[in-house]
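Me: I have a structure to read and would like to learn how to describe it. May we go through it feature by feature?

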Amino acid sequence: MEWKQYRGSLIGGLVVISLFAILIYNNVDWRACLEPEAEGFVLSCVAENTSAWYARYGVVMRQATVSGLLIGGVYGLVALGLTMIFGVLEIINFAHGALMTVGLYITFILFDTFGIDPYLGLFITVPLLFFIGLIVYRVVIHPARDAPHHNQLLLTLGLTLLIENLLLMVFTATPRAIRLDYGRGETNILGLFVMQFPIRIWRAVITFDKLLAFLGALVVTAILYTIIQKTDLGKAIRATAQERDGAALVGINTDWINMITFGIGTACVGAAAALVLPFRPADPTAGNLFNITAFIIVVLGGMGNAIGALLGGLIIGLTQELTGIFFPGSPDLIGVFVIFILVLLFRPQGLLGQAA
Amino acid sequence: MLTIENLEAGYGDVKVLFGVSLEIQAGEIVALIGANGAGKTTTIKTLSGLLRARSGRIIYDGQDITHWQSHKIVAAGLIQVAEGRKLFPRLSVLENLELGSFLRKLRANRAKNLKHVYSLFPRLAERKNQIAGTLSGGEQQMLAIGRALMSEPKLLMLDEPSLGLAPMLVQDIFNVVQGINDDGTTILIVEQNAVQTLRMAQRGYVMEHGKITLSGTGDELLHDDRIRTAYLGL
Amino acid sequence: MSKILRIVGLMALLMMSFGVMVTTAQDDMMVVRIGGIHPLTGFLANDGLGMDQAIQMAVDEINEMGLVPGITLEYVSADSTGAADVGQQEAERLITEEGISVIIGTFQSAVTGNVATVAAREGVPLIIDVAAASDITERGRDADGNQWTFRIQPNADVMGTFAAQYAVAMTSAGGGELGSVAYLHEGVTDYGRSVYGAFEAEAANIGLDIVETVGYEFGADYTTDVTIVGASAPDAVMVTGYYGDGLTIAQNMEAIALDVPFVMGVAQGTYDQDQFVADAGSLAECFFNSNYRWDNLNPHALAVRARYAERFGEGMTSADVLAWQATYIAADAIRRAGSGDTAAIQAALLETDYEYHIMPYDGSITFVDGETPNAIPVVMQVQDGAVKQVWPPEIAESEPRFCTSWGG
Ligand SMILES: Nc1ncnc2c1ncn2[C@@H]1O[C@H](COP(=O)(O)OP(=O)(O)OP(=O)(O)O)[C@@H](O)[C@H]1O
Ligand SMILES: [Mg+2]
């Protein structure tokens with residue numbers, strides 16, 4: 001018998017059991033069962049209190065799971081853009097979130113001034129952010145491509161401040177929200193069929209806008225994944241990421257690939273922005289949250305790994321939502337950071353990354 | 001076919017090449033030998049456009065390519081098999097070879113060239129779906145040469161193709177190089193294996209501290225006393 | 001076209017407020033400088049910029065009308081960026097380099113506390129326009145026990161306490177009984193925690209049961225937090241937080257169809273704002289907010305807001321009104337002090353008895369231990385697309401309605 005064969009399921013089982021233990025310990029009133037006047041056996045008392053707790057909070061757990069996965073898809077899309085840029089250019093683009101903020105405002109203007117639906121607006125936002133990415137690369141990144149890494153880091157940090165302050169000047173800090181006039185109650189899906197929104201699963205709700213954000217993120221991720229895997233451009237991108245000189249030596253214009261990759265990575269946040277604005281108002285620092293999670297996800301999923309980005313996004317979204325339930329009163333990001341540190345310690349190459 | 005005049009290049013503040021000049025005629029095999037750190041790899045990198053020349057000129061096929069970008073140089077048929085191979089470690093053997101014919105004008109002949117590479121290195125055909133990073137050193141060298149051949153080189157530059165290979169394999173590689181030359185491809189080869197290289201080469205250059213200090217036919221160099229003591233260990 | 005003009009105008013204004021003011025005083029007039037510290041950049045800049053404009057407007061009006069005879073006021077604005085240490089540095093700079101005689105600010109409790117300490121140490125009066133944490137006025141006392149910090153808004157204690165009382169009284173007046181509440185507050189800053197703390201204390205006092213509390217963090221979605229609150233099946237839900245989170249929370253409540261016909265902000269930044277009605281449309285209906293405000297029944301207040309709207313092309317928020325009012329309190333003290341002497345102004349502030357305010361409470365603005373004893377919050381509700389004062393009855397424009405816009 002090989003112990004290794006069972007190691008995975010054993011560890012998995014232990015994790016699940018300890019999670020349950022933590023959940024009960026932190027949430028269920030088990031101390032009452034230890035009181036002298038408590039009736040019956042301690043274990044059955046705890047079981048009873050647990051089921052009472054679940055009767056009230058089961059819906060919360062389901063909601064947290066659903067919400068975590070839905071927003072996790074968007075996190076994954078943002079991280080995908082970041083991880084592509086990192087994979088090819090080997091720069092950590094701190095301005096990624098700020099560029100997403102730009103996307104939010106573009107989506108807002110399209111809706112507010114031109115009356116263009118944000119989902120239709122994807123066909124404008126995504127190409128526009130792609131071009132903005134190209135310009136940012138040409139003007140900011142390319143001139144510094146031979147500079148030391150920490151200088152590039154500072155450069156993208158500076159760009160972030162510049163973008164935030166420009167947005168502040170032009171739009172002020174007033175949160176800019178849009179409200180779709182569909183997607184609540186009976187909703188006609190492309191004239192094909194009618195669906196009731198929000199969807200309810202055992203009383204946990206999925207709203208139209210979040211479902212669309214999730215599905216949209218999956219579709220964009222799938223499209224990008226196909227491009228990366230199947231097309232010549234994708235091959236050139238992967239080749240450049242793996243061996244820059246080698247790519248140059250087979251005739252790939254690596255400068256051009258850099259620029260295109262930066263554009264595609266930025267287009268990702270353009271898509272994310274359009275998908276998110278219906279439920280997350282735009283303000284000059286709105287992208288920060290997505291920036292932070294994207295960095296963690298990129299490390300978590302493995303640098304330059306597309307599937308890892310999506311998986312990492314879902315994990316982070318879930319963790320963030322569930323932390324508050326498993327550990328009431330503790331900051332949501334604590335759980336995320338714990339996972340972050342564990343991955344750094346035990347799998348520094350990321351969950352799906354190849355060992356260096 | 002290729003003329004280098006007073007080429008200077010380096011890394012950051014470090015200058016490595018101090019006015020290198022050499023010449024290669026079409027159809028030749030030319031050897032470039034020299035001690036470690038002399039600047040051989042630097043020369044080849046500059047020829048490929050991976051490194052910018054600081055001064056001097058590179059004339060290839062009658063064109064001044066000194067400031068061309070590397071992809072354009074590749075398109076012109078000046079191909080290099082790099083020191084350290086520079087393969088795509090997480091792509092398969094086949095994908096590596098296919099990338100060798102990345103340029104549009106090479107696509108048409110891709111199948112034909114692939115067949116040719118497989119005939120030269122049957123081992124690559126057997127392992128075409130294996131991930132390049134997991135190949136043995138010898139196999140990786142075959143793949144590197146194979147990938148370069150996919151680019152239909154007019155002038156093939158090989159930087160230490162025998163590095164780290166078993167003696168048997170070294171001979172194989174030399175045979176292949178000779179074969180490539182026989183098919184009409186001009187060759188510039190950098191090697192530690194000076195005796196064998198100079199025997200194969202029509203002409204050779206000796207590089208020291210970023211300068212060409214000696215040149216001649218392969219035979220002349222093989223019998224030059226300075227070379228015999230310095231590089232051939234004879 | 002007008003939009004472009006608006007943006008250009010705003011940018012010009014911003015540049016003006018960033019730079020040093022151009023001196024306009026005539027030679028025979030004494031100049032007294034008033035400093036303002038607000039978050040002009042960062043995630044609260046929305047609020048800070050409006051308040052900064054309101055002070056500028058008040059200063060211009062006061063100079064124009066000659067309300068402080070022989071003295072021209074000059075406004076120097078500073079950016080706290082929303083950070084306590086920056087706010088503190090700016091306070092020091094205003095005092096030592098800009099020579100200001102009184103400070104107005106700063107919107108955030110954490111920043112204001114630090115500024116109050118500096119002001120007391122340097123002997124410069126601070127008038128708080130908005131900042132809720134109760135202990136700030138204490139921190140604004142110097143070693144000899146002299147009061148240097150003065151506040152015209154009801155503090156966190158007062159707002160939390162009154163909200164609990166109002167909630168119970170409003171329900172009774174409607175013929176019901178308030179048995180339990182659940183509380184959703186931002187758990188990141190002093191403000192959310194201290195308002196909740198005061199509410200909790202008063203709830204214990206009057207026997208109001210708090211069945212669930214969620215201290216949330218800022219994010220893109222609060223559906224889970226709202227679900228937790230809903231799972232406790234309370235009679236009312238209280239919310240304390242800023243504009244953006246409050247807006248998303250309202251949307252999330254709608255999404256889960258929260259079955260509680262009484263959702264009330266407590267010193268909350270969203271549910272009494274005109275912008276909420278604009279952003280959320282019909283969803284905004286029925287939301288309450290117990291907060292500081294102007295008196296909407298006072299014609300002067302309406303005139304002030306109209307002037308602001310005309311000059312800056314945007315609505316004047318409650319915080320803006322308080323900043324404007326604080327400037328008048330400062331001017332009143334400077335008038336009585338007769339100069340920019342900070343000790344004289346502090347002495348004058350102690351004697352303040354200002355009846356011409358536009359705040360929603362009877363009696364004057366006076367200061368006892370730095371607080372205004374008369375200052376109380378009012379309850380507002382979005383009704384038929386407008387924010388109405390609904391409680392206490394003396395200043396109510398309309399009766400409270402217990403409902404949700406999603407038909408719960
Ligand atoms: N990337 C680099 N940065 C800085 N210096 C470099 C770099 N690459 C090479 N050098 C230096 O340039 C000089 C020439 O190196 P080069 O690789 O051209 O030598 P070489 O003749 O190919 O030697 P070998 O036979 O060992 O391959 C050496 O002193 C080396 O240390
Ligand atoms: Mg070398």
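Me: Which strands does helix α8 of chain B lie across?

Reply: This is a predicted model. In it, helix α8 (residues 167-182) of chain B lies across β3, β7 and β8 of chain B. Its direction runs at about 150° to β8(B).

Me: What is the order of the strands in the open sheet of chain B?

Reply: Strands of a sheet pair through backbone hydrogen bonds, either parallel or antiparallel. Here six strands of chain B form an open sheet with mixed pairing, in the order β6-β7-β8-β3-β9-β10. At the edges stand β6 (78-81) and β10 (211-217) of chain B; each has a single partner strand, so one side of each is left without a neighbour in the sheet. On average, neighbouring strands of this sheet are turned by 20° against each other, direction ignored.

Me: In which sense do strands β3 and β8 of chain B pair?

Reply: Strand β3 (residues 29-34) and strand β8 (residues 186-190) of chain B pair in the parallel sense, over four bridges. Within this pair, Val30(B) stands opposite Leu188(B) in β8(B). Helix α1(B) also packs on the sheet, where it touches β3, β6, β7 (155-159), β8 and β9 (203-208) of chain B. The direction of α1(B) makes about 145° with that of β7(B).

Me: Which helix gives the most residues to the shell around ligand 1?

Reply: That is helix α1 (residues 40-48) of chain B, with three residues. There are 13 residues around ligand 1, and those that come nearest are Gly37(B), Lys40(B), Thr41(B), Thr42(B) and Glu83(B). By class, the shell has four nonpolar, six polar and three charged residues.

Me: How far from ligand 1 are the polar atoms of Lys40(B), Thr41(B) and Ala38(B)?

Reply: Each distance is taken to an oxygen atom of ligand 1. For Lys40(B), a polar side-chain atom lies 2.8 Å away. For Thr41(B), an N or O atom in the side chain is at 2.6 Å. For Ala38(B), a polar backbone atom is at 3.2 Å. Taken alone, ligand 1 exposes 630 Å², and the protein buries 61% of that.

Me: What is the order of the strands in the open sheet of chain C?

Reply: Seven strands form this open sheet, in the order β7-β6-β8-β9-β10-β11-β12 (chain C), and the pairing is mixed. The edge strands are β7 (209-216) and β12 (386-391) of chain C, each of which pairs on one side only. Neighbouring strands here are turned by 25° against each other on average, direction ignored. Strand β10 (residues 288-291) pairs with strand β11 (residues 378-383) of chain C in the antiparallel sense over four bridges, and Phe288(C) stands opposite Gln381(C) in β11(C). Helix α8 (residues 223-231) of chain C packs on the sheet, touching β6 (180-186), β7 and β8 (236-240) of chain C. The direction of this helix makes about 170° with that of β7(C).

Me: Which chains share the most contacts?

Reply: Of the two pairs of chains in contact, chains A and C share the most contacts. Chain B and chain C do not touch, and their nearest C-alpha atoms are 37 Å apart.

How values were computed:
Residues numbered from 1 in each chain as written. Chains lettered and ligands numbered in written order. Predicted model: local features only at pLDDT ≥ 70, side-chain atom pairs only at ≥ 80, totals over all residues. Heavy atoms only, no water. Near = heavy atom within 4 Å. Polar contact = N/O pair within 3.5 Å; in protein donor to acceptor, adjacent residues only side chain to side chain. Areas by Shrake-Rupley, 256 points an atom, 1.4 Å probe, with all protein chains shown as cover. Helix = DSSP H or I, 4+ residues; strand = E, 2+ residues; numbered from the N terminus. Nonpolar A, V, L, I, M, F, W, Y, C, P; charged D, E, K, R; others polar. Pairing = 2+ DSSP bridges. Axes fitted to C-alpha atoms, helices over the stretch in contact; angles between N-to-C directions. Contact = heavy atoms within 4.5 Å.
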